[in-house]
Amino acid sequence: MSVSMGQLVNDAKELVMRLKEREKSVDQAVVQSNALAKKVDAIQQLENELINLNEKGNHRSKVAVLSSIQKENKVIKLLQQENDELKESLKEHQSVLEFIMTKYREQMLKLVQLKREQELCENFFKSALSQNLHEKISQISEMTEVMQKSIEIDEKNANAYEERLAMLELENQGLKELLKIKNTYAVNSNTGNDD
């Protein structure tokens, strides 16, 4: 088999051209693989940053939620304590009011009895015309006046008690509104600080 020199040169040229084309293909493949590697690295960095941000974001929101819950728990405890105190105060006021009303009823019953006795005494005095009956009637009248004055005093005390209770309720409502405004401002300022 004899191969001519020209054919060997042509075959060599053809091989060189094929090698150059393959070298170009390999270079392009290397460039593309480098570009893909850079993209993969960028995507991994982005994923890592997103994971870190999500962890930080979740951590902050959990901390903010826990902080908010703790603040709300404190407010709830304060309100429960205030509610308990108000209930106790209301019970005391009710017992005082019941005591006053009992005394008032007793005094009214005594007043009615005194009026009956006075009428009886007056009738007896008119029929007997005696000096002793005159003195008893004047005593009964004095007692009636004293009873009426004590009833008026009791009524004034009851009115003062009701006014005081109304003032306390109004003051309590105002304090609750102030607390609500304060808590709203505190929550708004806390969320502003977190940003």
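In this predicted model, Arg18 is partly exposed, with 45% relative accessibility. Its side chain meets that of Glu14 in a salt bridge, at 2.8 Å from N to O. Glu14 is likewise partly exposed, at 41% relative accessibility. Both residues belong to helix H1, which spans residues 5–128. They sit four residues apart, so about one helical turn separates them.

The search of the whole structure returned two salt bridges. Glu106 and Lys103 form one of them, with the closest N and O atoms 3.9 Å apart. The cut-off for such a pair is 4 Å. Glu106 and Lys103 are three residues apart in H1, and therefore about one helical turn from each other. Glu106 is partly exposed at 38% relative accessibility. Lys103 is partly exposed at 33%.

Pockets were examined next. The largest pocket holds about 240 Å³ of space. H1 and helix H2 (131–194) each supply at least two residues of its lining. H1 gives the most, with seven residues. The lining includes Ser68, Lys71, Glu72, Leu179 and Lys182. By class, six lining residues are nonpolar, two are polar and four are charged.

The second largest pocket holds about 210 Å³. H1 and H2 again each contribute at least two lining residues. Here the largest share, six residues, comes from H2. Among the lining residues are Glu82, Leu86, Leu165, Glu169 and Asn172. The lining divides into five nonpolar, two polar and three charged residues.

Note on methods. Residues are numbered from 1 along each chain as its sequence is written. This is a predicted model: local features need pLDDT of at least 70, side-chain atom pairs count only at pLDDT 80 or more; totals for chains, interfaces and linings use all residues. Side-chain values use heavy atoms; hydrogens and water are left out. Buried means under 20% relative accessible area, exposed over 50%, partly exposed in between (1.4 Å probe, protein chains only). On a 1 Å grid over the protein atoms alone, a cavity is a set of points where a 1.4 Å probe fits but cannot get out, and a pocket is an open set with protein on both sides within 12 Å along at least five of seven lines; lining residues have an atom within 4 Å of a point. Grid points are joined across faces, edges and corners, and a volume is the space filled by probe spheres set on the points. Ala, Val, Leu, Ile, Met, Phe, Trp, Tyr, Cys and Pro count as nonpolar, Asp, Glu, Lys and Arg as charged, and the others, Gly among them, as polar.
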